[in-house]
Amino acid sequence: MKVFEDCWGRISAADCDFGGYTIEDSTVKIYVRGGLDVSQDMGHLFCRQGEHGFVGHCVLAFDGVNFFDLVVNPFEKKDEKVVWADSIALRYKGQSNEHVTAFHLAGGLGELLAYVSISIEAQKFALHVLDENEPALNA
């Protein structure tokens with residue numbers, strides 16, 4: 001695994017394909033299956049890269065979390081129309097509130113038909129780039 005501290009300005013998590021997440025001791029880790037946009041100098045470091053340069057098999061790690069809001073908006077397609085179901089929301093309230101930064105992420109949720117919106121306030125951010133055979137949330 002390769003770890004990049006404080007590199008939020010070099011990535012864009014606006015249309016990711018998310019997997020699982022963990023919350024432990026004011027640390028939130030979110031697995032990204034694909035769709036992460038990274039600066040050109042970082043792209044070659046990922047074992048999973050799509051044809052348009054978007055990458056995956058990595059973990060977004062937030063330490064010193066003040067809050068973590070996750071909203072899942074499930075939908076289904078009926079007769080070529082999108083029908084939205086009720087949103088599912090989770091809120092984790094942490095302990096930190098000094099020197100936090102706001103982070104916003106969005107995208108899909110694996111094979112499920114759902115739109116995910118995530119807001120986090122945290123003291124630190126790190127990107128964990130996983131090796132090809134490395135488990136997703138052991139990072």
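Six salt bridges are found in this predicted model, a salt bridge being a side-chain nitrogen of Lys or Arg within 4 Å of a carboxyl oxygen of Asp or Glu. Side chains of opposite charge can pair when their charged atoms come close. Before we look at them one by one, a word on the ground rules: residues are numbered from 1 along each chain as its sequence is written, and side-chain values use heavy atoms, with hydrogens and water left out. As the model is predicted, local features need pLDDT of at least 70 and side-chain atom pairs count only at pLDDT 80 or more, while totals for chains, interfaces and linings use all residues.

Let us start with D131 and K2, whose closest N and O atoms are 3.8 Å apart. This pair links distant parts of the chain, with D131 in the segment after β12 and K2 in strand β1 (residues 2-5), 129 residues apart. Strands here are DSSP runs (E, at least two residues), and helices are runs of H or I of at least four residues, numbered from the N terminus. D131 is partly exposed because its relative accessibility is 37%, and K2 is also partly exposed, at 29%; buried means under 20% relative accessible area, exposed over 50%, and partly exposed in between (1.4 Å probe, protein chains only).

Next comes R91, which forms a salt bridge with D69, the closest N and O atoms being 2.5 Å apart. Here too the pair links distant parts of the chain, from R91 in strand β10 to D69 in strand β8, 22 residues apart. R91 counts as exposed because its relative accessible area is 53%. The side chains of E76 and K78 meet in a salt bridge as well, at 3.9 Å from N to O. E76 is partly exposed at 39% relative accessibility, and K78 is partly exposed at 44%. Finally, salt bridges link D17, R33 and E111 in a network.

Now follow β3 to its partners. Strands pair if DSSP finds at least two bridges between them. β3 and β4 run antiparallel and are joined by six bridges, with E24 having T27 in β4 as its bridge partner. These two strands form a hairpin with two residues between them, and D25 in the turn has a positive phi of about 50 degrees. With β11, β3 runs parallel, joined by three bridges; there F18 has L109 as its bridge partner.

In soluble globular proteins, nonpolar side chains tend to be buried together.

Our last stop is the surface, where Y21, I23 and L90 make a nonpolar patch of about 220 Å². L90 lies in strand β10 (residues 88-93) and is partly exposed, with a relative accessible area of 31%. Patches are made of residues with over 30% relative accessible area and no salt bridge, joining like charges within 9 Å and nonpolar side chains (Val, Leu, Ile, Met, Phe, Trp, Tyr) within 5 Å. Accessible areas come from the Shrake-Rupley method with a 1.4 Å probe, and for residues only the protein chains shown count as cover.
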